[in-house]
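Hello,

Here is the structure for you to look over. My notes on it follow below.

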There are 2 protein chains.
Amino acid sequence: MSVESRRGRRKTGPSIEDVARLAGVSAQTVSRVSTGADSVRPATRARVVAAMDQLGYAPNRAARALRNGSFGTLGLLAHRFERTGEALTMKAVVEAAKAENHSVTLLDVDDPRADGWEHAAQRLSHQAIDGLVIIRAEQATPDSLALPAGLPIAVSDSRLVGYYPCVVADQVQGSEAAVRHLLALGHRTVHHLAGPADSDPAALRAATWQRCLEEVGIRPPQLWRGDWSAASGYSMGRQIADDPAVTAIFCANDEMAFGVMRALAERGRRVPEDVSVVGFDGIELSEFATPPLTTVRQDFHRIGRELVRLVMLQLQSQAAVSRDRVVLPTELVVRGTTAPPPA
Amino acid sequence: MSVESRRGRRKTGPSIEDVARLAGVSAQTVSRVSTGADSVRPATRARVVAAMDQLGYAPNRAARALRNGSFGTLGLLAHRFERTGEALTMKAVVEAAKAENHSVTLLDVDDPRADGWEHAAQRLSHQAIDGLVIIRAEQATPDSLALPAGLPIAVSDSRLVGYYPCVVADQVQGSEAAVRHLLALGHRTVHHLAGPADSDPAALRAATWQRCLEEVGIRPPQLWRGDWSAASGYSMGRQIADDPAVTAIFCANDEMAFGVMRALAERGRRVPEDVSVVGFDGIELSEFATPPLTTVRQDFHRIGRELVRLVMLQLQSQAAVSRDRVVLPTELVVRGTTAPPPA
DNA sequence: GCTTGATATGTTTACGTCAACATTTTGGCG
DNA sequence: CGCCAAAATGTTGACGTAAACATATCAAGC
């Protein structure tokens, strides 16, 4: 039968019927073999399997999804997932989902500012997904996401925390460790290069930095703000580097720390002899900066795994899952960019 | 009706029938509105749309896929897609697919060495995809991928090139530019830190490096081999740095260049005064290394777009697409890590 | 060999959608 | 007003699968 004759449909592979005919059994028996279930005599099973192999049969997922009402697919909503942290989380999500026999469909949001999230949410309902993982939905607010009711969801750091089951890294602990480490080295104050204002983790890191200083009676200096990119770190760094009073900079992520370090180098200020720098995230390259970057490591892999766990939990027990956050520890990794201030 | 009563299926949203009933039309009319097609009187259309909104109707994608024989989904097969190059390509693939109204499903391969690709290919046939994009399938060979016949495919740099429609960056041109740049600066020879032996792009870069040297009568020195990671660059770099004859290193990617530069710094060899370093890829952070890394930029975004284009081409015209490769230019970006050799 | 209870297999049906075909309504024109 | 083509809407059926139910086959005990 030609492709055209089939009412405009694209050709599909051999069906369960074809296998049944060849194996001399009913379609249902083939289905039983295919789902691995139930009681099928070994001889029959072998015949069916042989027929499957011969025809190159593979179950039609659309039909299965329609029949079962589930797709075996999780949606992954993110923007800028080419960033290291997002990419690592994503990787873990895919792995964890695979362990649960689910695949992952990427849902991109190009410009979250311009109603991108709404559009993504709109498209969502048209997607074939059983659950949704949202990572770093920075500009998204609970209202802006008109999510289908009953769709299992888990979110990572973002404003959505508290509205959905969520997984967060311990921003506070990590930021405290970073600031206190610098103070313990003898720095009179610590400057902060924050992430964008609409980012929840950025706000948390900045607030913690401020509190840590105030707790020891230091009035926090002017806060600098970047957009997570190394380029923004560089352009801010050029300004920061001109202030001789600056001896310690806590950057809200590693990329910006790279930018800052380049700016410092260009201004002839040595790291760590003249200025100490701390990053956040613990990306692979942070270890291979010159000198290696002191940073706060987040376990992105575990974040991804936990996100999937939360979604699968909702998927399996219809019951609602606690909206409390799962908090994962962070860890200060002291390397070569921090030292006591110049005498 | 309760969820349980529905024969164990998970609940699905309102169906086309529900909308039809509420709007007082037939299901087919709702379908027409939903597909945007055909002739529906404005008044009728409005009634249907209102009913859709009221019920929060969204077409069931599984049913649509079953009916149409297509899923509106592309598969993206990769391993280590947390790497910068892969992540950027992926991002472009998702964007381009979205422009074609397709979503992207991630297919991970954990350990390509141990029959990972076969498994991935196996799972593939169980996936609900209309086409497949393979990026950097390093260990995969055409034979190891028992891909469903007739599945539109496009591959990026890998051994699969030549077997499927493919998109590659111009490794040769980029590598030539890098090596010749170093020679032009006056270096007596150029060392090479290659990628893993089973990588096609790595082999191409190494071969081009070798040829460029031989063409000007230089006998290529020992080749060093890493695994793309910064850590491998570092450990190789520690050995390379001990050889005082080394004044120029062409690294097969930027991450390894970072590792090499840290190793050089630890050994007290200055970049670029004592040793020049060139990377490959042009990742964001390369610009913010200290000093900024001279590298060969690849347009990952364009690679991703082209991959999708090739798949969509096959999807639309049943005709087979040329298996010739689409070659995209690369560009040497000279920054701060290259200089004439020490006198 | 016959009954019985278990185990293996077959038959029917519905999942939600949309192409094809059938039917009704609309509007233009004599 | 009535006729007819064109436009709008309705009816039917099939896509491939698997649950529910129905039937057939089997092994064991008497």
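In this predicted model, 64 residues of chain A touch 63 residues of chain B (contact: heavy atoms within 4.5 Å). The two chains bury about 5,500 Å² between them, 59% of it on carbon and sulfur atoms. Buried area is the accessible area (1.4 Å probe) lost on putting two parts together, summed over both. Four salt bridges are found across the interface of chain A and chain B (a side-chain nitrogen of Lys or Arg within 4 Å of a carboxyl oxygen of Asp or Glu). Lys91(B) and Glu82(A) form a salt bridge through their side chains, at 3.8 Å, N to O.

Now the helix pairs in chain B. Helices are DSSP runs (H or I, at least four residues), numbered from the N terminus. Axes are lines fitted to C-alpha atoms over the stretch in contact, with angles from 0 to 180 degrees between N-to-C directions.

Helix α1 (residues 16–23) of chain B packs on helix α2 (residues 27–34) of chain B at about 105°, axes 8 Å apart. α1(B) and α2(B) are therefore roughly perpendicular (65 to 115 degrees). Ile16(B), Glu17(B), Val19(B) and Ala20(B) of α1(B) meet Ala27(B), Val30(B) and Ser31(B) of α2(B).

The axes of helix α7 (residues 171–184) of chain B and helix α8 (residues 200–215) of chain B come within 9 Å and cross at roughly 40°.

Residues are numbered from 1 along each chain as written, with chains lettered from A and ligands numbered from 1 in written order. Local features need pLDDT of at least 70, side-chain atom pairs count only at pLDDT 80 or more, totals for chains, interfaces and linings use all residues, and side-chain values use heavy atoms, without hydrogens and water.

Best wishes

Methods. Helices (H or I, at least four residues) and strands (E, at least two) are DSSP runs, numbered from the N terminus. Angles under 35 degrees count as roughly parallel, over 145 as roughly antiparallel, 65 to 115 as roughly perpendicular and the rest as oblique.
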